[in-house]
Amino acid sequence: MNGSLVGKPVLEVLERRRQTVPPVWLMRQAGRYLPEYRAIRDQAGSFLKLCFTPSLAAEVTLQPIRRFRFDAAILFSDILVVPHALGQRVAFEAGEGPKLEAIEDAASLGRLNDEVDQGQLAPIYETIARVKAELPSNVAFLGFCGAPWTVATYMVAGRGVEGQMPARLFAYRDPDGFQKLIDILVRASASYLIRQFKAGVDAVQIFDTWAGVLSPEEFRRWTIEPTAKIVAAVRREVPSAKIIGFPRGAGASLVPYIDATGVDAVGLDWMIDRTFAREMIQSRLPVQGNLDPLALLAGGSALDRAVDGVVESFSTGPFIFNLGHGILPTTPIEHVERMIARVRTT
Ligand code: CP3
């Protein structure tokens with residue numbers, strides 16, 4: 001595995017080696033802001049069909065690499081393929097986001113399988129093999145999963161809802177029942193990530209998009225503990241596994257998160273205080289982030305100033321340039337080009 005680390009700046013950073021020019025990739029870099037993505041998306045018919053068709057999923061994974069020469073490719077898939085492989089019905093409706101058959105209480109957990117059906121996920125491992133065969137040798141290949149808390153919020157509500165109230169209510173009313181759901185997701189996510197590594201990804205990211213709605217106590221139980229279990233389980237099978245954690249909105253709770261989870265690096269959203277992040281987080285682990293996706297959408301001198309602010313704050317240590325959350329679908333392509341040029345010439 002070490003041989004594959006040579007010459008990939010993203011992996012160098014994950015090994016805690018600062019790069020003179022920070023490597024760059026964007027969360028949701030394969031997506032609707034690209035006309036070539038929209039064409040393949042139309043061809044696939046449904047979003048899940050795109051995720052489960054290796055030739056098309058590999059193509060959209062590679063599109064942003066060809067266009068922008070990013071330093072990392074992220075597997076094209078979605079965090080909700082895990083509930084799908086656990087037997088929950090998942091659909092994506094155009095313009096409305098995901099729809100799942102809601103699991104509102106412990107009694108409905110009986111509808112889920114105990115283990116993921118690896119047969120359903122097999123096309124994703126095939127996508128990984130295809131992408132790996134075509135990726136330039138200096139480009140890192142990232143797999144991912146959703147963190148149990150964030151995936152559970154969709155499983156319980158059946159859709160995205162403000163404040164993630166259904167999952168939080170479930171956890172308050174029946175913590176032991178909710179723990180059962182989290183435990184299923186810990187096992188499912190660990191085995192999914194292990195299979196991604198075996199299929200050829202170089203590193204993985206655990207997306208915890210809704211970590212920021214939890215109180216510090218809930219954060220410890222529903223974000224830190226499950227993530228720590230996943231990291232430990234993955235490393236038992238793949239000792240050299242590199243893992244980036246992204247507990248969005250965690251703020252000061254990033255300190256106990258990095259202490260207890262064992263991740264190699266953390267993604268930073270744009271709300272975080274940068275001095276705090278540099279002194280309390282980057283002094284210990286590589287960081288990734290944290291450009292506001294809205295600054296990228298705005299473009300012009302506002303974008304230049306925002307890029308400079310990020311680079312000035314973090315480029316003195318191990319750092320991967322990225323957004324603080326996914327790229328917005330209406331982002332102009334020229335703004336992405338301008339951002340990359342500025343990062344690479346600073
Ligand atoms: O980053 C990448 O380019 C890789 C692909 C990727 C997607 N989703 C593709 C996608 C990744 C890493 C994700 C992660 C994901 N999915 C998260 C965590 C990160 C985040 O953005 O918060 C979450 C919460 C989801 C669940 C999800 N998937 C939602 C809420 C939606 C609907 C909202 C939206 O953006 O449309 C999706 C759909 C989705 N996932 C699309 C893409 C490209 C758009 C679907 C389409 O093309 O019609």
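**Notebook: backbone, sheet, rings and core**

I began with Asn290, which lies in strand E8. Strands (E, at least two residues) and helices (H or I, at least four) are taken as DSSP runs, numbered from the N terminus. I noted that the peptide bond leading from Gly289 into Asn290 is cis, with omega near -25°.

The model is predicted, so I record its limits: local features need pLDDT of at least 70 and side-chain atom pairs count only at pLDDT 80 or more, while totals for chains, interfaces and linings use all residues. Residues are numbered from 1 along each chain as its sequence is written, and side-chain values use heavy atoms, with hydrogens and water left out.

**Positive phi**

I looked up two residues other than glycine with positive phi. Arg69 has phi of about 50° and sits in the loop between helix H4 (54-68) and E1. Gln164 has phi near 55° and sits in the loop between H7 and helix H8 (165-173). I then asked of Gln164: buried or exposed? Gln164 is buried, at a relative accessible area of 2%, whereas Arg69 is exposed, at 61%. Here buried means under 20% relative accessible area, exposed means over 50%, and partly exposed lies in between, with a 1.4 Å probe and protein chains only.

**Sheet**

I traced an open sheet of seven strands in the order E1-E4-E5-E6-E7-E8-E9, with parallel pairing. From one strand to the next, the twist averages 25°. Two strands count as paired if DSSP finds at least two bridges between them. E1 and strand E4 (residues 140-146) pair in the parallel sense over three bridges, and the partner of Ile74 in E4 is Leu142.

I also followed helix H12 (residues 274-282), which lies across strand E7 (265-268), strand E8 (287-291) and E9, at about 175° to E8. Axes are lines fitted to C-alpha atoms, for helices over the stretch in contact, and angles run from 0 to 180 degrees between N-to-C directions.

**Aromatic rings**

My search of the whole structure gave 14 aromatic pairs. Trp149 and Phe178 form one that is edge-to-face, 6.0 Å centre to centre with 70° between the planes. This pair joins distant parts of the chain, with Trp149 in helix H7 (residues 148-157) and Phe178 in helix H9 (residues 175-199), 29 residues apart. Trp149 and Phe178 are buried. Why is the pair of Phe314 and Phe319 tilted? Its ring centres are 5.6 Å apart and its planes are at 35°, so it is tilted. Rings of Phe, Tyr and Trp (its six-membered ring) pair if their centres lie within 6.5 Å; planes under 30 degrees apart are stacked, over 60 edge-to-face, and the rest tilted. Phe314 and Phe319 are both buried.

I listed one aromatic cluster formed by Tyr37, Phe47, Phe76 and Phe92. Arg248 lies over the face of Trp210, 5.0 Å from the ring centre; the criterion is NZ of Lys or CZ of Arg within 6 Å of the ring centre and within 35 degrees of the ring normal.

**Core**

I counted 128 residues in the largest nonpolar core, where Phe178, Leu291, Phe321 and Met339 touch the most other members. H9 contributes the most to this core, with 12 residues. Such a core is a set of buried Ala, Val, Leu, Ile, Met, Phe, Trp, Tyr and Cys residues joined through side-chain atoms within 4.5 Å. Leaving aside neighbours within four places in sequence, Met339 is in contact (heavy atoms within 4.5 Å) with residues including Val24, Leu26, Leu291 and Phe321.
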